[in-house]
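Work through the exercises below with the sequence and the coordinates open. Each task is followed by a solution in steps.

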Amino acid sequence: MEMEEESGKVSIYKAVRSIKRRENNVYNALRSIYEDSIFVGEISELWPQLPLVANLRCGLWYHSRFHATCYFKSTDGHSNNCSFSTSRLNLHLALLAATKGGCMIVDSTRRGKRFPDSMSRTIPIWTCVLNRAIRDFKNDWDCSLHLPLWIPETEKASIEKRLDEWTQQLKASGADIASIAAGLRKPLRPLWISQKTVIWLNEVPHHDSWDFTPIILISASASASASASSGVSVSQQRTTSEFSWNYIAGAGDDEESWARGLTPALFWNNVYDIINAGPHVCNHMVADIVEKSRVNRAYRGENAPQITLKPTTSPSLSHQQPLYLSPTTTTADKLRITWLGSTNMALASSQIDAADAIDVDCILNCDRESISISLPSTEAYLHLPILGSKFDRFSLLNNLPSAVSFAKLNLSQGKRLVVCCDNGEDISVCVCLAILMSLFDEKGCYDDGKSFSVTRVIKWDMRRRLVYVCKFATNARPSRGNLRQVFNFLIAGNGLQQPSTDD
């Protein structure tokens with residue numbers, strides 16, 4: 001009897017999950033994104049001189065054209081657990097704001113709140129810490145912590161206690177604060193706009209009239225009602241003359257669970273066809289768009305693995321459940337080669353083509369799929385199919401010795417090396433970081449590993465080199481698990497053979 005009751009509980013749980021997944025289907029998500037994008041477009045028109053920036057990855061869905069991207073994580077701004085990440089400094093955003101007089105950042109959240117934690121705390125902390133570091137170069141510079149009104153004073157006080165510590169970390173990271181200070185005329189300061197914000201259109205101030213450089217934070221989605229006990233947002237049914245559909249706040253989040261291989265770029269290239277197709281035809285249309293894009297990339301000689309979908313494992317409800325995308329795709333658009341200063345080393349996605357690789361002598365490919373590009377010799381190409389830390393906690397660590405040896409062989413001859421992975425943002429960044437630490441000195445000059453052989457590597461050394469990489473590769477987003485593998489590799493002395501006693 002107890003087993004039957006337990007079985008009943010499991011089946012009810014699965015039924016609830018199935019209902020939730022049907023509500024969060026592709027059409028509901030894309031239609032919700034489209035509706036929210038109208039609001040984002042209206043706000044962007046209020047300050048047309050300011051660049052529109054997407055906070056990856058969710059924000060990238062909410063407009064057809066962004067000037068740039070940034071990467072602020074909500075986990076750095078969770079209530080009473082805030083932090084300042086030197087791995088995600090987003091210094092390119094500060095330089096962009098300095099050049100344009102400000103910027104607008106787009107993001108969204110599913111959790112029944114008006115703003116994600118990235119906007120409520122992470123970005124305000126970022127602006128304050130940067131202002132404090134810039135104060136060394138400026139007089140009469142506002143360094144106050146500006147938080148939204150809904151943050152309690154007790155929490156604000158606890159954050160303020162850590163600002164000096166975070167400022168020192170920023171200064172010690174090797175970030176080029178002087179360049180930002182030279183470009184900024186006014187201190188950075190966040191402003192918050194959501195769909196509930198009241199704006200008098202005849203009284204919109206010009207951004208240059210403020211006594212600060214505005215970082216306007218646009219939360220794209222309407223606030224969803226939420227369960228007080230669970231905090232789970234509840235979808236809202238909406239109806240047009242043709243269809244009814246469920247509005248999902250923060251629909252762009254967690255795209256792996258619903259997008260079926262569709263990327264923001266593909267969505268906006270086909271937006272009206274998708275929206276007008278309706279919920280019954282949407283899945284088929286999305287699959288057709290994704291497959292046509294794959295075929296076109298393959299025809300152009302780009303890496304284009306076939307999209308595979310797998311059903312969730314529920315024997316009783318499998319015929320009702322949607323299919324979910326296996327983690328083989330990315331939302332990143334095709335990336336050009338990004339050279340890391342004068343190191344003769346570059347980052348790229350595995351979608352590079354012959355036109356991008358004109359000045360390339362050798363390629364280290366870390367993607368799971370091989371690529372086909374004409375190189376001077378077969379020895380100029382090394383394929384190391386490295387898996388992310390979510391799928392294999394030691395894949396990167398086990399392949400780094402081969403990667404560093406290949407880099408040493410080519411860089412020592414003055415050859416130009418490109419390191420690529422599926423998106424050019426994570427694994428390739430970590431491989432470049434290991435190579436820089438192993439073969440280059442603190443100034444970024446190739447020294448064949450001499451400085452590495454006499455240095456006891458600590459995490460701060462690696463963070464400083466990561467800041468150097470991010471100075472050029474602004475889309476770099478290395479995962480914590482992969483960075484941990486790089487550090488373990490370095491402290492184990494796997495980068496190079498120890499120098500002989502004659503040296």
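A charge sits over a ring if NZ of Lys or CZ of Arg is within 6 Å of the ring centre and within 35 degrees of the ring normal. The model is predicted, so local features need pLDDT of at least 70 and side-chain atom pairs pLDDT 80 or more, while totals for chains, interfaces and linings use all residues. Residues are numbered from 1 along each chain as its sequence is written, and side-chain values use heavy atoms, with hydrogens and water left out.

**Exercise 1.** Find which ring faces Arg477 and Lys459 lie over.

Solution. Start with Arg477: it lies over the face of Tyr71, at 5.0 Å from the ring centre. Then take Lys459, which lies over the face of Phe487, at 5.7 Å from the ring centre.

**Exercise 2.** Count the aromatic pairs and classify the pair Trp47 and Trp210.

Solution. Rings of Phe, Tyr and Trp (its six-membered ring) pair if their centres lie within 6.5 Å; planes under 30 degrees apart are stacked, over 60 edge-to-face, and the rest tilted. The count by this rule is 12 aromatic pairs. For Trp47 and Trp210, the centres are 6.0 Å apart and the planes at 45 degrees, so the pair is tilted. Trp47 lies in the loop between α2 (26-46) and β1 (52-55), and Trp210 in the loop between β4 (188-193) and β5 (213-219), so the pair ties together parts 163 residues apart in sequence. Helices (H or I, at least four residues) and strands (E, at least two) are DSSP runs, numbered from the N terminus. Next, check burial: buried means under 20% relative accessible area, exposed over 50%, partly exposed in between (1.4 Å probe, protein chains only). Trp47 is buried at 5%, and Trp210 is buried at 18%.

**Exercise 3.** Classify the pair Phe267 and Trp268.

Solution. The ring centres of Phe267 and Trp268 are 5.0 Å apart and the planes are at 65 degrees, so the pair is edge-to-face. Both Phe267 and Trp268 are buried.

**Exercise 4.** Which residues of α6 (163-172) are buried, and how are they arranged around the axis?

Solution. The buried residues in α6 are Leu163, Trp166, Thr167 and Leu170. Down the axis they fall within an arc of 105 degrees, so they line one face of the helix; the arc is that of the directions from the helix axis to the C-beta atoms. An α-helix has 3.6 residues a turn, so residues three or four places apart point the same way. Finally, the cover over the buried residues of α6 includes α4 (117-134), α5 (153-160) and α7 (177-183), where contact means heavy atoms within 4.5 Å.
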